[in-house]
Amino acid sequence: MGTLILAVTSLFLYSVGTALQALHFRGRVQSNLAITTLIGVLALTSHGLLIGQTVHHDGGFDFSFFKSSVLISWLIVFLLLGLNLKKPVQSLFLGVYPLAGLTIILALVTHGPSRLVSEQSYGMLSHIALSVTAYSLFTLAAIQAVLLYFQNRQLKHNYNSLLVRNLPPLQTMESLLFEMVWAGVVMLILAIVTGALFIEDLFAQNLAHKTLFSILSLLVFVALLIGRYTKGWRGITASRWTLAGCALLMLAFYGSKFVLELIFQRGG
């Protein structure tokens, strides 16, 4: 199946999923887990086939700026679909589906230097897999943190908006946020450890800044978890710390890639 057909199919399915979630959010249609899951799985399948044609080639994997974004958005959708079977995270689809569609469009219309990693580089691939999983979990946590932030502000002002009426109770939202943060911290620690084991020279490979921002991000998240259990941090405070940690992590990954690949045009 052609790349363009797969891209259009994925975009169409993500658009349908977004429209249904928006209608549910406004109270126009009833939520249906089976339909939500079916549309998501179909979109995920088409998205995955597209990755197979754009990311995997020439005996390796292209982890350049836009290609890796397509992979990360696929994993975000995958994780969210799995979470949605057990947790009340349906509202996150309104942010995740458009994000996935945007990464597909950018990967098709933009061009940059490739950053190929050989299929035989098992250590490096394991580091990248753990990193991508951590980024995906923290992206979900960032969206959750934004929703929690606005939910807190509106509840404090007794504003009964669509957002307040559609989101789960505040305690549930906070619990979900910290579950995502915990999972992301575990993945990030493993990613940093595997990076230390399998990356020979951080400075020669232009990865020192990425490592620094990743460690700073990890410290922010660990401080958040400590604050949660020692000082009872929650609500807006938890949201701000989560977003700060996610911002540092995005600087580590996308900031370094943007400078190296799109400004200096340096591939790998």
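Residues are numbered from 1 along each chain as its sequence is written, and side-chain values use heavy atoms, with hydrogens and water left out. In this predicted model, local features need pLDDT of at least 70 and side-chain atom pairs count only at pLDDT 80 or more, whereas totals for chains, interfaces and linings use all residues.

The search ran on a 1 Å grid over the protein atoms alone. A cavity is a set of points where a 1.4 Å probe fits but cannot get out. A pocket is an open set with protein on both sides within 12 Å along at least five of seven lines. Lining residues have an atom within 4 Å of a point. Grid points are joined across faces, edges and corners, and a volume is the space filled by probe spheres set on the points.

The second largest pocket has a volume of about 290 Å³. Its lining holds 17 residues, and the closest to the pocket centre are Ser 69, Leu 99, Thr 103, Met 250 and Tyr 254. Two or more lining residues come from each of α3 (65-84), α4 (93-109), α5 (122-156) and α9 (235-263). Helices here are DSSP runs (H or I, at least four residues; strands are E, at least two), numbered from the N terminus. The most is given by α3, with 6 residues. The lining divides into 13 nonpolar residues, 4 polar and no charged. Nonpolar covers Ala, Val, Leu, Ile, Met, Phe, Trp, Tyr, Cys and Pro; charged covers Asp, Glu, Lys and Arg; the others, Gly among them, are polar. Domain 1 (1-118) and domain 2 (121-267) both contribute to the lining, so the second largest pocket lies between them. These bounds come from an automatic or database domain assignment.

The expected span is 1.5 Å times one less than the number of residues. Buried residues (under 20% relative accessible area; exposed is over 50%, partly exposed in between; 1.4 Å probe, protein chains only) of α4 are Phe 93, Val 96, Tyr 97, Ala 100, Gly 101, Thr 103, Ile 104 and Ala 107. They cover an arc of only 155 degrees around the axis, so they sit on the same side of α4. The arc is that of the directions from the helix axis to the C-beta atoms. An α-helix has 3.6 residues a turn, so residues three or four places apart point the same way.

Helix α5 has 35 residues and reaches 50 Å from its first C-alpha to its last, close to the expected 51 Å. Of the 35 residues, 26 are buried, so α5 is largely enclosed by the rest of the structure. Leu 125 lies in α5 and counts as buried at 18% relative accessibility. The C-alpha atoms of Leu 125 and Phe 198 are separated by 9.5 Å, although 73 residues apart along the chain. Asn 158 follows α5 and has a positive phi, near 55 degrees.

Val 181, in helix α7 (residues 170-198), is buried at 0% relative accessibility. Ala 223, in helix α8, is partly exposed at 26%. Arg 234 lies in the loop between α8 (208-230) and α9. Arg 234 is partly exposed, with a relative accessible area of 46%.
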